[in-house]
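Work through the exercises below with the structure open beside you, and try each task before reading its solution.

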Amino acid sequence: MTGQVIWPEVRAVCFDLGGTLVQPDAVATTGQVAEVLGISLEEARALMGKGAKRRLVTPHDLAHELADGFGRPGFTGPLTEVLERARRRAENPRLYPDVPDMLAELRARGFALYAMTNALGSSVPEQDPPAFRELLDGVFYSARTGAIKPEPEAFAAVEHASGLRPGELLHVGDSMNADVRGAAAAGWHTAWVDRHHTNGPLMLAASTPRLHSLNALPLLLPARAATGTITSEVAG
């Protein structure tokens, strides 16, 4: 990475949450659900993707659905505990140390700032946490938009709310499939966050930089956001 500006036309930056802006738990909520139910992580992910990440639901109701769906009604209690803990964490997220100053700098340059996440409906807070309200212009939860990254509808929701074209948007995230490939397919600019210094061959386009820290992101953006009027209509 040379620090050369590579996105002069960008007017807004959208970030993934877990693993990008927010420090994740050692075991993700879906993994904890899989452990309680005694199923594979792949089974749990498939189940969550079908509906639990596409609609708002209470922790207890989702726990009941999961327990009944796997024929384990006695597991409703333990599942509710897992999902309620996840809800509390979402209400008070732990940001990575490099996040606040980076977002403040981009805001000072005139960029609109958003986040987009594939979130369980039971984990979506009633209102955005104070840290997000102070640092971001809006957060797009899959449980509210009904679309999950890398689906094009997830990125279209940001375009519609911001009033921006794909070429004016940059998406930054740690998932090669959901974030990088999904945003690229939608026509957005992309940056891959690799906080763990992944080894091995990488199928990464030359136009997608690999960032080990978000401190490097401002170096790749212009001193001022591209000119134009941004009208944000992010729904809560």
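Contact here means heavy atoms within 4.5 Å. The model is a predicted one.

**Exercise 1.** Determine which elements the buried residues of α9 pack against.

*Solution.* Begin with helix α9, which spans residues 176-185 and whose buried residues are Met176, Ala178, Asp179, Val180, Gly182 and Ala183. Finally, look just after α9, where Gly187 takes a positive phi of about 90 degrees.

**Exercise 2.** Decide whether Asp16 is buried or exposed, and do likewise for Lys149.

*Solution.* First locate the salt bridge in which the side chains of Asp16 and Lys149 meet, at 2.9 Å from N to O. The pair links distant parts of the chain, with Asp16 in the loop between β1 (12-15) and α1 (29-37) and Lys149 in the loop between α7 (142-145) and α8, 133 residues apart. Then apply the cut-off for buried, which is under 20% relative accessible area. Asp16 has 6% and is therefore buried, and Lys149, with 5%, is buried as well.

**Exercise 3.** Classify Arg94 and Asp25 by relative accessibility.

*Solution.* Arg94 forms a salt bridge with Asp25, the closest N and O atoms lying 4.0 Å apart. Arg94 sits in the loop between α4 (76-91) and α5 (99-108), while Asp25 belongs to the loop between β1 and α1, 69 residues apart. At 45% relative accessibility Arg94 counts as partly exposed, and Asp25, at 29%, also counts as partly exposed.

Note on methods:
Residues are numbered from 1 along each chain as its sequence is written. This is a predicted model: local features need pLDDT of at least 70, side-chain atom pairs count only at pLDDT 80 or more; totals for chains, interfaces and linings use all residues. Side-chain values use heavy atoms; hydrogens and water are left out. Buried means under 20% relative accessible area, exposed over 50%, partly exposed in between (1.4 Å probe, protein chains only). Helices (H or I, at least four residues) and strands (E, at least two) are DSSP runs, numbered from the N terminus.
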